[in-house]
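Dear colleague,

I am passing on the structure we spoke about, and below it you will find my notes on what turned up. Please read them with the structure open beside you.

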Amino acid sequence: MKIVKRAFLIFTLSLLPLCYAAPPTESPSLRIEKAWLKKPIPGMKMTAAYMTLINQGEKDAILLEVKGDDAEYYEIHTVSMKNGRMKMRQLKEVVIKANSTHQLKPGGDHIMVIQVKKTLLTSKETSLTLIFKGGHKETIRIPITKSMEKK
Ligand SMILES: [Cu+2]
């Protein structure tokens, strides 16, 4: 009995380095397409970024945070109707279900870009880092454009 226990312990310990080698930050098989950031209207300090998030994995991917260098704040927002008015509301997370696609689009979920910096006003591109639950990060370069068609 004791030998079995010890063998089990050795087996368990032998797995530990594997756990370190493959932390739970492993890529959730995510693809990001059609990303763009709306060129701010002159005088406006706010804009939004949109994209299609494609989860090809077997696990849900949960977007928690967005970061970038060309604005002070990046927030995940959604739009809902309240008393016939469009209202924006901040979300704690966006779930991209396993084997499915989630669109961030005008009139729907979006990345709110707040207090844009001069660098964003003068650039044709910016980069965003999307941080997912589990620590997985995706950094993408996206065009700054008036609409998705006019890249
Ligand atoms: Cu918003």
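Of the 151 residues in the protein, 19% are buried. Please keep in mind that this is a predicted model, with a mean pLDDT of 86 and with 79% of the residues reaching 70 or more.

The secondary structure comes to two helices and ten strands, and along the sequence these follow the pattern α-β-β-β-β-β-β-β-β-α-β-β.

The largest nonpolar core holds 22 residues, of which Ala-49, Leu-63, Val-66, Ile-111 and Val-113 touch the most other members. Two or more residues come from each of the strands E2 (46-55), E3 (61-68), E4 (71-82), E6 (94-96), E8 (110-116) and E9 (125-132), and E2 gives the most, with four residues.

Where should you be careful? Confidence is highest in E8, at a mean of 98, and lowest in helix H1 (residues 2-21), at a mean of 54. Over residues 21-25 the pLDDT is below 50, and this stretch has four contacts in the model beyond its near neighbours in sequence. Where pLDDT is low, the predicted coordinates should not be read in detail.

With best wishes

Conventions:
Residues numbered from 1 in each chain as written. Predicted model: local features only at pLDDT ≥ 70, side-chain atom pairs only at ≥ 80, totals over all residues. Core = buried A, V, L, I, M, F, W, Y, C linked by C-beta atoms within 7 Å. Buried ≥ 20, exposed ≤ 12 C-beta atoms within 10 Å, placed from the backbone. pLDDT = per-residue confidence, 0-100. Contact = placed C-beta atoms within 7 Å.
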